[in-house]
Amino acid sequence: MADLSKTKPFGVHLDATLKVIKQDLIRRFKAHDIDLTPEQWTILSELSKEDEVYQADLAEHTFKDAPTVSRIVELLNKRGYVRRKPDEDDRRRFLITLTADGRTVYNKAMPLVYEARKKGWEGLDEKDHEHLNRILSRISSNILNGG
């Protein structure tokens, strides 16, 4: 194990990196007249994978808390990008569906997201990606399982 007294706080570095990534996506979206935040993009991206998703599952899959997902879904619903309907068996649960307009904005934004990812990974290879995912997964697992 590393001597933690000699390491830089990785949380600060992760936060700074995430902030730069989000700012880059915001800039790219604005330049192409796409009125989305990175958080809204994350929800649309998850919805693009399935026909219907429970709102609670959206929160779990995007690592966002339920109130945040609820606010994002409500805003996307008002814009006509998603449809929200109560589950027939449990009225407390909501099924979220991507609409045709939502699919259109998703398809318009997707190439910009790929460009951003490509830019971010310049000079790095598949092995670097595997190491980063392994390290981040291990840190999360250590913290979640070690309380």
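Where in the chain does D35 lie? In this predicted model, D35 is found in the loop that joins α1 to α2. Apart from neighbours within four places in sequence, the residues in contact with D35 are Q40 and R79. D35 and A109 are separated by 74 residues in sequence, while their C-alpha atoms are 9.8 Å apart in space.

The protein chain as a whole contains six helices and three strands. Their order along the sequence is α-α-β-α-α-β-β-α-α. Taken along the principal axes, a box of roughly 55 × 40 × 25 Å is filled by the C-alpha atoms of the protein chain.

The packing of the helices was examined pair by pair. Two packed helices are described by the angle between their axes and by the distance between those axes. For the helices on either side of the loop that holds D35, α1 and α2, the angle is about 80° and the axes are 9 Å apart. Angles of 65 to 115 degrees count as roughly perpendicular, and α1 and α2 are therefore roughly perpendicular to each other. On the α1 side the contact involves K22, L25, I26 and F29, which meet P38, E39 and W41 of α2. By class, the contact of α1 with α2 comprises five nonpolar and two charged residues, with no polar ones.

Helix α2 also packs against α3, at an angle of about 110° and with 10 Å between the axes. This angle makes α2 roughly perpendicular to α3. The crossing of α2 with α3 is right-handed. The residues that meet are T42, I43, E46 and L47 from α2 and L58, H61 and T62 from α3. The contact of α2 with α3 has three nonpolar residues, three polar residues and one charged residue.

Helix α3, residues 55–62, in turn approaches helix α4, residues 66–78: their axes come within 9 Å and cross at roughly 115°. As a result of this angle, α3 is roughly perpendicular to α4. The crossing of α3 and α4 is right-handed. Q55, L58, A59 and T62 of α3 make the contact together with A66, V69, S70 and V73 of α4. Five nonpolar and three polar residues take part in the contact of α3 with α4, and no charged residues do.

Empty space in the model was considered next. Rolling a probe the size of a water molecule over the atoms shows where such space is left. The largest pocket holds about 1900 Å³ of space. Its lining consists of 40 residues, and those nearest the centre of the pocket are L18, I21, L132, N133 and L136. Two or more lining residues are given by each of α1 (10–31), α2 (38–47), α3, α5 (100–120) and α6 (126–146). Helix α1 supplies the largest share of the lining, twelve residues. Sorted by class, the lining of the largest pocket has 18 nonpolar, ten polar and twelve charged residues.

Helices α1, α2 and α3 therefore figure both in the lining of the largest pocket and in the helix contacts described above, with α1 roughly perpendicular to α2 and α2 roughly perpendicular to α3.

Definitions and conventions
Residues numbered from 1 in each chain as written. Predicted model: local features only at pLDDT ≥ 70, side-chain atom pairs only at ≥ 80, totals over all residues. Heavy atoms only, no water. Axes fitted to C-alpha atoms, helices over the stretch in contact; angles between N-to-C directions. Helix = DSSP H or I, 4+ residues; strand = E, 2+ residues; numbered from the N terminus. Parallel < 35°, antiparallel > 145°, perpendicular 65-115°, else oblique. Left-handed = near helix turned anticlockwise from the far one by under 90°. Contact = heavy atoms within 4.5 Å. Nonpolar A, V, L, I, M, F, W, Y, C, P; charged D, E, K, R; others polar. 1 Å grid on protein atoms, 1.4 Å probe; cavity = no way out; pocket = protein on both sides within 12 Å on 5 of 7 lines; lining within 4 Å. Points joined across faces, edges and corners; volume = space filled by probe spheres on them.
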